[in-house]
Amino acid sequence: LGGCPVVGLGYRAVADSDLMTSVTMSHTVKNIGNYAFSSCNALRNVELSSGVTNIGYYAFGECPFSTIDLPSGLATIAGSCFASCYNLEQLLIPASVRSIGDGAFRYCSELRNLIVDADNQFYLSDEGALYDKSKETILFWPKQKPIVIPDGVRDIGPYVFYGNFASQGQSTCLTLPSSVTNVGQLAFQYCSFREITLNEGLVSI
């Protein structure tokens with residue numbers, strides 16, 4: 001713009017576009033602001049800049065792409081970043097990511113294949129589910145995966161089991177492991193359990 005490189009996309013930069021189908025970013029772009037591409041209902045292909053280090057809150061919320069390649073230098077994925085990306089099927093979290101906000105992948109009903117690079121020091125994945133590195137906090141759980149909370153988990157993040165399809169075929173009861181102390185907001189919303197047994201060590205819901 002005027003001979004100056006674009007280094008960031010601001011708040012709602014191109015949000016609500018019904019015409020944009022593809023985006024290729026300049027290598028100079030480092031920051032994608034909050035809601036930058038939210039509700040771009042025709043956006044099927046996104047090529048992020050190799051220099052992007054931060055993706056803001058709800059930046060790609062409600063976009064219809066099925067996959068997106070995250071750059072190897074990405075550090076921050078803000079809360080609700082990919083919320084309601086109903087067609088998103090797979091995602092690789094690079095080793096560089098240090099922070100993933102609450103509900104970053106909430107309502108991603110087709111996201112089955114979430115993989116964290118083995119060299120990431122802050123997060124890990126296990127059969128599509130996303131945990132912190134200590135495996136004490138669950139951050140994402142595929143909607144098609146039966147709910148089995150591993151022993152040792154302390155925190156269940158917001159929206160983690162929201163609308164879990166697989167729960168419809170499970171037992172009508174779920175018992176939280178004794179290790180769980182915190183359950184985030186709407187964590188079990190729209191699951192089909194008739195009964196959830198809380199443990200004595202639970203501190204907050």
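Predicted model: local features only at pLDDT ≥ 70, side-chain atom pairs only at ≥ 80, totals over all residues.
Let me begin with strand E9, residues 113-116, which has a covered face formed by Leu114 and Val116 and an uncovered face formed by Asn113 and Ile115. Strands, labelled E, are DSSP runs of at least two residues, numbered from the N terminus. In a regular strand the side chains alternate between the two faces of the sheet.

Residues are numbered from 1 along each chain as its sequence is written, and side-chain values use heavy atoms, with hydrogens and water left out.

Strand E9 runs parallel to strand E7, residues 90-93, and four bridges join the two. Leu92 has Ile115 in E9 as its bridge partner.

I turn to the open sheet. Five strands make it up, in the order E1-E3-E5-E6-E8, with parallel pairing; pairing requires that DSSP finds at least two bridges between two strands. Strand E1 (8-9) and strand E8 (99-100) stand at the edges with a single partner strand each, so one side of each has no neighbour in the sheet. Strand E6, residues 76-77, pairs with E8 in the parallel sense over two bridges, and Ile77 stands opposite Ile100 in E8.

Next, the interior. A nonpolar core is a set of buried Ala, Val, Leu, Ile, Met, Phe, Trp, Tyr and Cys residues joined through side-chain atoms within 4.5 Å; buried means under 20% relative accessible area, exposed over 50%, and partly exposed in between, with a 1.4 Å probe and protein chains only. The largest core has 38 residues, and Phe37, Ile55, Phe60, Phe82 and Phe105 have the most contacts inside it. E7 and E9 are the elements that give two or more residues to this core. A second, separate core of 20 residues includes Ala129, Val153, Phe161 and Val180.

Which residues is Phe105 in contact with, leaving aside its neighbours within four places in sequence? Among them are Phe82, Leu91, Ile93, Ile100 and Leu114, where contact means heavy atoms within 4.5 Å.

Finally, the segment after strand E16 (195-197) holds Ile205, and Leu198 is also found in the segment after E16. Ile205 is exposed, at 69% relative accessible area, whereas Leu198 is partly exposed at 46%. Beyond neighbours within four places in sequence, Leu198 is in contact with Leu176 and Ile205.
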